[in-house]
Amino acid sequence: MADKSATLQLPDGNTVELPVYSPSAGLDVVDVRTLGKANYFTYDPGFMATASCESKITFIDGAKGILLYRGYSIDELAEHSDFTEVSYLLINGELPNPEQKQEFIENINCHTMVHEQMRNFFNGFRRDAHPMAIMVAVVGAMSAFYHDSLDINNEEHRKVSAFRLIAKVPTLAAMCYRYYCGHPFVHPRNEMCYSENFLNMMFSMPSHDEKPNPVLVKAMDRIFTLHADHEQNASTSTVRLAGSSGANPFACIASGIASLWGPAHGGANEACLNMLEEIGTVENIPKYLLKARDKNDPFRLMGFGHRVYKNFDPRATVMRKTTHEVLATLKCQDDPLFQVALELEKIALEDEYFISRKLYPNVDFYSGIILSAIGIPKNMFTVIFALARTVGWVSQWSEMISEDTLRIGRPRQLYTGEPQRSFVDMKNR
Ligand code: SDX
């Protein structure tokens, strides 16, 4: 695979030839695996310049604001495809034909129900427990219910676990919301499409028949598509690292949910809406931009900035357009938070601090506004993100497990602690 090499001149006078691989898209990579033999490690906290794996699933061009799922651009998929097709694409590498799509849907529909005993987990939580705390627990607990398919070296086990996760996570997510509200759980309806079924499990009431609004179903489906996968982000890297030890897929996805919860990652959508509510009016924006620029102030403009995108996050562009459409359809385009978000984006993108640091709105900037318009409460925002990202995590996990040489991930370190020293008895301390 190496078609070039790099020569590294080391302080001890030695040189090391390092293979360089060319990708199908993106930057060349220098293979540093042999550096250990030359008694050196690389050092890259936060993995700013480290490719942790080879993957064929998703590609981001941060400079151009491009996101591809298996080579297809996110804006084309958001416009012309749907989340079920995108899920098939991420897992299998190609868009499904009608028969493949129908079979995929049927495979998911076989697994949308959860074991009745899983209800007991919810009763162990306070009603006001954060839904992400419940999701980490109940998704991890799936390995206690579906232990007939935990042999990660068995392709059929991997496949059925993938279907179980993609099918059951929406059911469990809706159960989190229903439990929080004190409403009865709603069973999945297999005659509904994936996103309609989710909204039905979230909001339908036994007291009256009311199908989800098709406009909101389409918006929900597009939000799932936009969040489905995103290269080796923090939660996906967590899933891969957990999976590298041979942990079962349910435990790996639970670890991804835990990592996604952080406000710097998937928790940013909830934090962003809280920020917009705190700003409240367009007149308050300058005050908060000053706080965001102030090094001594921990305040950050949530929903802005990205490790990879140094141009517009293409998902934010689609999300803004969809937010316009949904608010117009619901006749609430003068939603004050949306007005604050639009003005905040406009002012920030003209501000030298944000321009110089290439800080643009990311996927989380508008998602909270449209999720609120759909009727989803803030504490469920990151659960929605986790629901959508489950197919990306499962795809990345499957890709890693299917590799010929699965090796446990075990980074080294730059140790700056105490050199070895002798024990000191209490009387001498
Ligand atoms: C997601 O990785 C992924 O792909 C993630 C994700 C996915 O789909 O999986 O895209 C989903 O997590 C999107 C990001 C959501 N997070 C937020 O919106 C939280 C706010 N954003 C920041 O915390 C930050 O931008 C990060 C965490 C997203 C990126 O951080 P980096 O790459 O480590 O950048 P940095 O912290 O080194 O910031 C560089 C500079 C710093 O200023 P200087 O020290 O150079 O003076 O930019 C500043 C930062 O202070 N900065 C911000 C800022 N983000 C960066 N200043 C104000 N507000 C911000 N939001």
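Predicted model: local features only at pLDDT ≥ 70, side-chain atom pairs only at ≥ 80, totals over all residues.
Figure 1. Strand β6 covers residues 72-73, and β5 pairs with β6 in the antiparallel sense over two bridges. Two residues lie between the strands of this hairpin, and R70 takes a positive phi near 50° there. Y69 also belongs, together with L67, to the covered face of β5, which spans residues 66-69, whereas I66 and L68 make up the uncovered face. In a regular strand, side chains alternate between the two faces of the sheet.

**Figure 2. The hairpin of β4 and β5.** On the side of β4, which comprises residues 58-61, strand β5 is joined by four bridges, and the two strands run antiparallel. One of the facing pairs is D61, which stands opposite I66 in β5. Four residues separate β4 from β5 in this hairpin, and in the turn G65 has a positive phi of about 65°.

**Figure 3. An open sheet of three strands.** The strands follow the order β1-β2-β3, and their pairing is antiparallel. At the edges are β1 (residues 2-9) and β3 (residues 29-30), each of which pairs on one side only. Seven bridges connect β1 with β2, a strand formed by residues 15-21, and these two run antiparallel. To follow the pairing at the level of a residue, the reader can look for S5, whose bridge partner in β2 is P19.

Figure 4. Residue E79 is part of helix α1, which extends over residues 74-80. Its relative accessible area is 43%, and E79 is therefore classed as partly exposed, since that class lies between the limits of 20% and 50%. When residues up to four places away in sequence are left aside, E79 touches R222 and K321. The side chains of E79 and K321 are also joined by a polar contact of 3.4 Å. For a sense of scale, E79 and V424 are 345 residues apart in sequence, and their C-alpha atoms are 68 Å apart in space.

**Figure 5. The loop residue S149.** S149 is placed in the loop between helix α5 (residues 131-145) and helix α6 (residues 155-181). Is S149 buried or exposed? Its relative accessibility is 2%, so S149 counts as buried, because the class of buried residues takes in values under 20%. The side chain of S149 reaches the backbone oxygen of Y146 at 3.2 Å. Not counting residues up to four places away in sequence, S149 touches H157, V160, S161, R164 and F250.

Figure 6. The ligand is surrounded by 24 residues, and the closest are H230, H306, R307, R315 and R389. In this shell there are ten nonpolar, seven polar and seven charged residues. Which distances separate oxygen atoms of the ligand from N or O atoms in the side chains of H265, K295 and R315? For H265, an oxygen atom of the ligand is 3.0 Å from an N or O atom in the side chain; for K295, the corresponding distance is 3.1 Å; and for R315, it is 2.6 Å. Taken alone, the ligand exposes 1,100 Å², and the protein buries 78% of that area.

Key
Residues numbered from 1 in each chain as written. Heavy atoms only, no water. Buried < 20%, exposed > 50% of the residue type's maximum accessible area, 1.4 Å probe, protein only. Polar contact = N/O pair within 3.5 Å; in protein donor to acceptor, adjacent residues only side chain to side chain. Contact = heavy atoms within 4.5 Å. Near = heavy atom within 4 Å. Areas by Shrake-Rupley, 256 points an atom, 1.4 Å probe, with all protein chains shown as cover. Nonpolar A, V, L, I, M, F, W, Y, C, P; charged D, E, K, R; others polar. Pairing = 2+ DSSP bridges.
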